[in-house]
Amino acid sequence: MSATEREINRAPALLNQTPRMKASYDKGRRYLFVGCGSSYNLGYTLSSVLNRNGIPSFVRSAGSVLAVHNLPDLNPETDIAVLISRTGESTETVLALEHLRKIGLSTIGVTCQRDSSIVKKSERAYLFDFAYEESVVMTGSFVAILDALLGPFQPTNLSERATVVLEDSKRAIARLDLTHLNHFVFLGFNELLGLSKEGALKLQEMALESVDYSEPLEYRHGPKSTLTASSLVVLQSHDTTYEKDLIAELKRYGAQVLVVGKTGDIIVGSSESDELPLRVLPVLWLGYQKAISKGLNPDQPKNLSKTVVI
Ligand code: F1P
């Protein structure tokens with residue numbers, strides 16, 4: 001079994017460990033999430049959830065922090081920078097951490113790698129060493145970090161539900177004719193946009209596929225022209241009437257649509273919890289299965305290393 005497959009399958013077990021790692025946020029402070037790749041996508045979703053709950057927060061790719069020092073919205077308008085890096089060594093994130101400390105922000109590092117630069121250089125660190133991954137592509141650790149950093153906004157232990165959602169995802173994806181699909185589109189708005197961006201990244205990294213991500217209704221304004229009978233749209237749905245109409249429209253163009261939501265093909269979300277971290281499971285499995293169907297080794301993505309350094 002590949003490391004990637006093992007690491008996706010252990011996500012439910014990781015979610016038994018995250019309740020003890022729950023982050024807490026101070027209502028009077030403003031947060032800035034910074035990272036690269038999947039770690040940046042985590043910040044997208046986290047900042048959206050925090051803002052909705054009255055905690056002002058922002059997200060920046062680590063590269064953009066480096067490129068445009070002293071951005072007016074970094075300082076003095078934010079107080080605490082949360083630097084996320086699974087390996088703790090992505091060059092942009094480490095340099096961004098140094099820069100943000102220098103301009104006076106408090107820094108919290110988030111990583112799976114003990115003794116990494118992110119741990120050593122940040123004032124405080126959340127260490128997810130139990131979620132350490134061998135594989136190049138970030139998979140189960142994304143689910144675990146998201147669950148923990150959602151803190152009070154995701155209070156439920158999702159481990160058992162994760163087992164169910166992963167099994168449902170495997171069944172739904174087994175029904176797709178993956179060999180004929182060559183275009184993958186991920187749609188979601190607000191906190192689901194970051195998860196859609198992550199879905200697109202997984203299909204690129206693992207399966208070298210052509211991808212898009214967008215807000216659902218925005219996708220109608222141009223990008224839908226690229227849909228064919230070989231397109232699969234994964235809709236991270238808020239179950240709105242607009243989205244239901246959109247599904248019908250996308251299907252009229254010949255695309256297949258896989259809906260993840262309270263009333264979707266893969267059911268995620270209940271009245272007690274929106275189960276946000278579980279929405280990542282179907283896209284992890286989709287990326288992995290598409291890679292396998294093409295004869296690719298998902299443990300060794302093309303042109304990519306586990307830590308991207310400059
Ligand atoms: C960031 C990242 C990963 C990606 C790949 C290359 O890594 O972009 O998201 O899957 O491994 O690096 P990190 O800073 O989170 O270690």
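Phe-184 stands opposite Leu-232 in strand E8, and that pairing is a handy way into this predicted model. Here, helices (H or I, at least four residues) and strands (E, at least two) are DSSP runs, numbered from the N terminus. As this is a predicted model, local features need pLDDT of at least 70 and side-chain atom pairs count only at pLDDT 80 or more, while totals for chains, interfaces and linings use all residues. Residues are numbered from 1 along each chain as its sequence is written, and side-chain values use heavy atoms, with hydrogens and water left out.

**Strand E6 and its neighbours**

- Five bridges join E6 to E8 (residues 231–236), and the two run parallel; strands count as a pair if DSSP finds at least two bridges between them.
- In E8, Ser-231 is the bridge partner of His-183.
- E6 also has five bridges to strand E7 (residues 210–214), again running parallel, and Asp-212 in E7 is the bridge partner of Val-185.
- To get from E6 to E7, the chain goes through helix H9 (residues 191–207), and this β-α-β crossover is right-handed. That label means that, with the strands pointing away from the viewer, the path from the first strand over the helix to the second runs clockwise.
- Zoom out and you find an open sheet of five strands in the order E7-E6-E8-E9-E10, with parallel pairing.
- E7 and E10 (266–267) stand at the edges with a single partner strand each, so one side of each has no neighbour in the sheet.

**How enclosed is E6?**

- Five of the five residues of E6 (residues 183–187) are buried, so the strand is largely enclosed by the rest of the structure. Buried means under 20% relative accessible area, exposed over 50%, and partly exposed in between (1.4 Å probe, protein chains only).
- His-183, Val-185 and Leu-187 point one way from E6, while Phe-184 and Phe-186 point the other way.
- In a regular strand, side chains alternate between the two faces of the sheet.

**Rings and charges**

- The structure holds four aromatic pairs. Rings of Phe, Tyr and Trp (its six-membered ring) pair if their centres lie within 6.5 Å; planes under 30 degrees apart count as stacked, over 60 as edge-to-face and the rest as tilted.
- Phe-128 and Phe-130 have ring centres 5.9 Å apart and planes at 50°, so this pair is tilted.
- Phe-128 counts as buried at 0% relative accessibility, and Phe-130 is buried too, at 15%.
- Trp-285 and Tyr-288 also make a tilted pair, because their ring centres are 5.2 Å apart and their planes are at 40°.
- Both sit in helix H11 (residues 280–293), three residues apart, which puts about one helical turn between Trp-285 and Tyr-288.
- Lys-170 lies over the face of Trp-285, 4.4 Å from the ring centre; the rule is NZ of Lys or CZ of Arg within 6 Å of the ring centre and within 35 degrees of the ring normal.

**Around the ligand**

- A polar side-chain atom of Thr-87 lies 2.6 Å from a ligand oxygen atom.
- An N or O atom in the side chain of Glu-205 is 2.7 Å from an oxygen atom of the ligand.

Methods. Polar contact = N/O pair within 3.5 Å; in protein donor to acceptor, adjacent residues only side chain to side chain.
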